[in-house]
Amino acid sequence: MKPALAAYSRLLDVLSRLALWIGGFGLVAMTAAIAWQVWGRFVVGDTPSWTEPVSLFLMLWFILLVAAVGVRERFHLGLDLIRDTVPEPVRVAMDLFSFVIVGLFGGAMAWYGLELVLGTWSAIVPVLGIPEGMNYLALVVSGVLIVLFSIERALILLVERKAMGAAESLARAHAPGAAMPTAD
């Protein structure tokens, strides 16, 4: 199981890195579009009509992609006060419950996002000429990533728990940017 988990983690490394690069590009592109809008409005005296819809489109994508990566890297806020005071078996159960709930949330994002995509695909954003569903496709992609990253975290906790001390496996499953298992 460890080699399979290592391969799965390597695949998710690539997806995570890709999502971060796309998110970073989206942030830079959105900043450029807004700068162009300000330049057009205050310097040229003619506001470009495309900058606002492009900025909103890019913002949806980069926020949702980076939020999905946050599930994997554990840089979302968490309240560990109670978790840190309970016995280790309860802590493991709480962690698994958390991973399952986050994964279900990602699944709901993907499912209902797909409904939005299908329901709005025929509507065209006038200024951009792209289907309105492209905006909601970000929900689907990030929801799927959240599910995949939640599964990875739960598997790391369960598999590594058997191979090493329980406290160390808990720390690895919760560490931001933790090294993923290798194929030993």
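In this predicted model, the lining of the largest pocket draws at least two residues from each of helix 2, helix 3 (88-120) and helix 4 (133-163). Helix 3 gives the largest share of that lining, with 6 residues. In total, 23 residues line the largest pocket, and those nearest its centre are Arg74, His76, Leu77, Gly78 and Ser98. Sorted by class, the lining comprises 12 nonpolar, 6 polar and 5 charged residues. The space in this largest pocket comes to about 500 Å³.

Arg74, one of the residues nearest the pocket centre, is also the residue that follows helix 2, and its phi is positive, near 60 degrees.

Turning to the helices themselves, helix 1 contains 43 residues and reaches 60 Å from its first C-alpha to its last, which is close to the 63 Å expected at 1.5 Å a residue. Helix 2 has 23 residues, which at 1.5 Å a residue should span 33 Å; the C-alpha atoms at its ends lie 32 Å apart, in agreement with that expectation.

How these two helices pack can be told from two values. Two packed helices are described by the angle between their axes and by the distance between those axes. For helix 1 (residues 2-44) and helix 2 (residues 51-73), the angle is about 150 degrees and the axes are 8 Å apart. Helix 1 is therefore roughly antiparallel to helix 2, because angles over 145 degrees count as roughly antiparallel. The crossing of the pair is left-handed. The contact of helix 1 with helix 2 involves 17 nonpolar, 7 polar and 4 charged residues.

How values were computed. Residues are numbered from 1 along each chain as its sequence is written. This is a predicted model: local features need pLDDT of at least 70, side-chain atom pairs count only at pLDDT 80 or more; totals for chains, interfaces and linings use all residues. Side-chain values use heavy atoms; hydrogens and water are left out. Axes are lines fitted to C-alpha atoms, for helices over the stretch in contact, and angles run from 0 to 180 degrees between N-to-C directions. Helices (H or I, at least four residues) and strands (E, at least two) are DSSP runs, numbered from the N terminus. Angles under 35 degrees count as roughly parallel, over 145 as roughly antiparallel, 65 to 115 as roughly perpendicular and the rest as oblique. A crossing is left-handed if the near helix is turned anticlockwise from the far one by less than a right angle, and right-handed if clockwise. Ala, Val, Leu, Ile, Met, Phe, Trp, Tyr, Cys and Pro count as nonpolar, Asp, Glu, Lys and Arg as charged, and the others, Gly among them, as polar. The expected span of a helix is 1.5 Å times one less than its number of residues. On a 1 Å grid over the protein atoms alone, a cavity is a set of points where a 1.4 Å probe fits but cannot get out, and a pocket is an open set with protein on both sides within 12 Å along at least five of seven lines; lining residues have an atom within 4 Å of a point. Grid points are joined across faces, edges and corners, and a volume is the space filled by probe spheres set on the points.
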